[in-house]
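This briefing concerns side-chain packing and aromatic contacts. Please consult the structure shown below alongside the points that follow.

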Amino acid sequence: MHNAISAKLINVAAAALTGAALLFGAGSGAAHAANKIVARVSLSQQVMEVSVDGRPAFAWKVSTGDGAHVTPTGSFKPTRMHEMWYSKKYDNAPMPHSVFFSGGYAVHATNAIKRLGQPASHGCVRLHPDNAADFYQLVEMFGPTNTSIVIVK
């Protein structure tokens, strides 16, 4: 299954780069729209929808903050990335493919995949390990400055 997702990831990247080349080649002012990733996280639906250059590319189940822990809302840019990070706050909990967006909050992989689709985290946005790896790779390819993480209620 991960190979199929990775193949789609490569196709999405290729389409975006082709679109960017057309926009830059045309010399128009529309070039600013090229190579942008928007990850929209819905806290009420527990879903992260990823679009590339305005085109829907992925929709993944997530787990965000449970009743005792809040996931911040707003629009953020990735601040740092780690292929593997261990939480300094929560007993060295592993956070594979972490894309940090606000202080200690990150989009990252979880092994608690049965809890995806419902609030379960200490505030981070948790993804299936395959999806987290794909998102991490997308952010790496397009760059943090071209990535927005938007979290809505």
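In this predicted model, L127 touches M48, W60, K61, V62, V107, H108, A109, T110, L116, A132 and F135, leaving aside residues up to four places away in sequence. L127 is also among the residues with the most contacts inside the largest nonpolar core, together with M48, V50, V107, F135 and I149.

**Nonpolar cores**
- The largest nonpolar core comprises 25 residues.
- At least two residues of this core come from each of strand 1 (37–42), strand 2 (47–52), strand 3 (55–61), strand 6, strand 7 (105–109), strand 8 (125–127), helix 2 (129–142) and strand 9 (147–152).
- Helix 2 provides the largest share, 6 residues.
- Another core, of 5 residues, lies apart from it and includes W85, M95, F100 and A106.

**Aromatic pairs**
- The whole structure contains 4 aromatic pairs.
- One of these, formed by F76 and F101, is tilted, with 5.2 Å from centre to centre and 50 degrees between the planes.
- Because F76 belongs to strand 4 (residues 74–76) and F101 to strand 6 (residues 94–102), this pair ties together parts that are 25 residues apart in sequence.
- F76 is buried, with a relative accessible area of 16%, and F101 is buried, with a value of 3%.

**Arginine over aromatic rings**
- R80 lies over the face of W85, 4.8 Å from the ring centre.
- The charged end of R80 also sits over the ring of F100, at 3.8 Å from its centre.
- Both W85 and F100 are members of the 5-residue core.

Conventions:
Residues are numbered from 1 along each chain as its sequence is written. This is a predicted model: local features need pLDDT of at least 70, side-chain atom pairs count only at pLDDT 80 or more; totals for chains, interfaces and linings use all residues. Side-chain values use heavy atoms; hydrogens and water are left out. Rings of Phe, Tyr and Trp (its six-membered ring) pair if their centres lie within 6.5 Å; planes under 30 degrees apart count as stacked, over 60 as edge-to-face and the rest as tilted. Helices (H or I, at least four residues) and strands (E, at least two) are DSSP runs, numbered from the N terminus. Buried means under 20% relative accessible area, exposed over 50%, partly exposed in between (1.4 Å probe, protein chains only). A charge sits over a ring if NZ of Lys or CZ of Arg is within 6 Å of the ring centre and within 35 degrees of the ring normal. A nonpolar core is a set of buried Ala, Val, Leu, Ile, Met, Phe, Trp, Tyr and Cys residues joined through side-chain atoms within 4.5 Å. Contact means heavy atoms within 4.5 Å.
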